[in-house]
Amino acid sequence: MEPEQTPVAPQESEAHAALARRIGANIASAVQVRTETLTHLMVALLAEGHVLIEDYPGVGKTALARALARSIDCQFARVQCTSDLLPADVVGTNVYLQREQRFEFRPGPVFANVVLVDEINRASPKTQSGLLECMQERRVTVDVHTHELARPFLVLATQNPIEYEGTYPLPEAQVDRFMTKISLGYPSRGAEAGMLADHESGDRVLTLGPVATAADVLAAQDAAKRIRASEPLRDYIVRLLWRTREDPRVDLGASPRSGLLLLRAAKAFAMMQGRDHALPDDVQALAHPVLAHRLVLAPESPRRAAADVVSDAVASVRAL
Ligand SMILES: Nc1ncnc2c1ncn2[C@@H]1O[C@H](COP(=O)(O)OP(=O)(O)OP(=O)(O)O)[C@@H](O)[C@H]1O
Ligand SMILES: [Mg+2]
C-alpha cells in the first residue's frame, strides 16, 4: 500500500526550484564550481542525502561546504579526521557537573547542519562507523539518552584520491550510505584567474550572506519527497540496478539502498526542473553520481570501469 501523500502543485515545485537556483547562484558567486557539481550538491541537499567528495587538496572543498551553510543560514562544523579521533569527539559526550551532581550532554560537531568531515579515511573504523551511523539514523545515543540531530543535516565527507598511507579506506557498506559522490577538480584557467582576482579583496566565502533559511530548505525537502514517481519508473530503477549486478566487470553491483537513494535524488532533481513528477530523464541524470562510486569492480577491471558500467546500463535498459 502506498501512503497517501499530498501531491506537489506545479507552482509549489517551481518555488522550490527557484530556491535551489538561488542557493546555487549564491554559492557560485563565492566558489568556482562546475554547474553539474553544484546541481549534484543541491540534489543531495533537497533529497536529504550525504555527499562524498573525492578530491585533491586546495580545490575549494571547505569553501564549498562553508558557502552552502552560509547560503542557507545554517550552522557549519568541520571535523578533521585523524587515527586518534574518538567517536565521542564527533558525536559528543556526557560531562559530569560536580557542583550540580549531574551529567550534562555536550553535543559534538555532528549536531551542526552542514558537517564537513575532512579525510574521513584517516579516522579509525570505530569512529567512521559511529559517524556513519548517525548520518543514517539522524540521532545520537550516548549513555542511553537519545539526542536528535539538527535539521537540515548534510554531511560532506572528503577523501583524498592519491594519499592512502595511514588510512582506513571506507568499507563498501559505509560508502553505500552516501547518496552521491562529487569532485570539484581544478577550475578552468579563466575561472582560476578570476578566483585569484576575487581573492585580492579577501575571501568571498567569509562575507557571503544567506539567500534562504533552514525552514525554506526543510519545506523543499518535504516537497521533494512528495514528487510523484510512477510504478514503471520505479521498475526502471530496479532494472538499472539489476543490470549493474549482472555486469561481468562488477563483483558487487548497486544495492537496494542505492535504488532508494536514486529514486529520492531523481525526485529532487525533477522538482528542481519545476515538475511535480519524476521521469526517466531525472534518473539518468543522477545515475552516475549516485551509482558509480558504490560498485565494487572485479579485480581485473580498470578503475574507471564503474562509470562505463553505469553508462552501459543506462544505454541498454529500456526506459519505460
Ligand atoms: N574552486 C574554488 N573557488 C573559490 N575559491 C577557491 C577554490 N579553490 C580554492 N579556493 C580558495 O583557496 C583556498 C583553499 O581552499 P579550501 O580550503 O576550500 O580547499 P580544500 O579543498 O578544502 O583544501 P584541503 O584539501 O587542504 O582541505 C581558500 O581560500 C579558497 O577560498
Ligand atoms: Mg579543506
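Residues are numbered from 1 along each chain as its sequence is written, and chains are lettered from A and ligands numbered from 1 in the order in which they are written. Because the model is predicted, local features need pLDDT of at least 70 and side-chain atom pairs count only at pLDDT 80 or more, while totals for chains, interfaces and linings use all residues.

Helices (H or I, at least four residues) and strands (E, at least two) are DSSP runs, numbered from the N terminus. Helix H5 covers residues 125-137. Its 13 residues should span 18 Å at 1.5 Å a residue, the expected span being 1.5 Å times one less than the number of residues. The end C-alpha atoms of H5 are 18 Å apart, which agrees. A residue is buried if 20 or more other C-beta atoms, placed from the backbone, lie within 10 Å of its own, exposed if 12 or fewer, and partly exposed in between. In H5, the buried residues are Thr127, Gln128, Gly130, Leu131, Leu132, Cys134 and Met135. They pack against helices H4 (87-91) and H6 (172-175) and against strands S5 (114-118), S6 (139-142) and S8 (154-159). Contact here requires C-beta atoms, placed from the backbone, within 7 Å.

Arg138 follows H5. It sits in the loop between H5 and S6. Its phi is positive, about 65 degrees, although Arg138 is not a glycine. Most residues other than glycine have a negative phi, and most peptide bonds are trans. Arg138 is partly exposed, with 13 other C-beta atoms within 10 Å. Val144, in the loop between S6 and S7, also has a positive phi, near 65 degrees. Val144 counts as exposed because it has 5 C-beta neighbours inside 10 Å. The peptide bond from Arg151 to Pro152 is cis, with omega near -10 degrees. Pro152 lies in the loop between strand S7 (145-148) and S8.

A helix pair comes next. The axes of H9 (residues 231-246) and H10 (residues 256-272) come within 10 Å and cross at roughly 135 degrees. Axes are lines fitted to C-alpha atoms, for helices over the stretch in contact, and angles run from 0 to 180 degrees between N-to-C directions. H9 and H10 are therefore oblique to each other; angles under 35 degrees count as roughly parallel, over 145 as roughly antiparallel, 65 to 115 as roughly perpendicular and the rest as oblique. Arg234, Ile237, Val238 and Leu241 of H9 meet Ser258, Gly259, Leu262 and Leu263 of H10.

Methods
Two residues are in contact if their C-beta atoms, placed from the backbone, lie within 7 Å.
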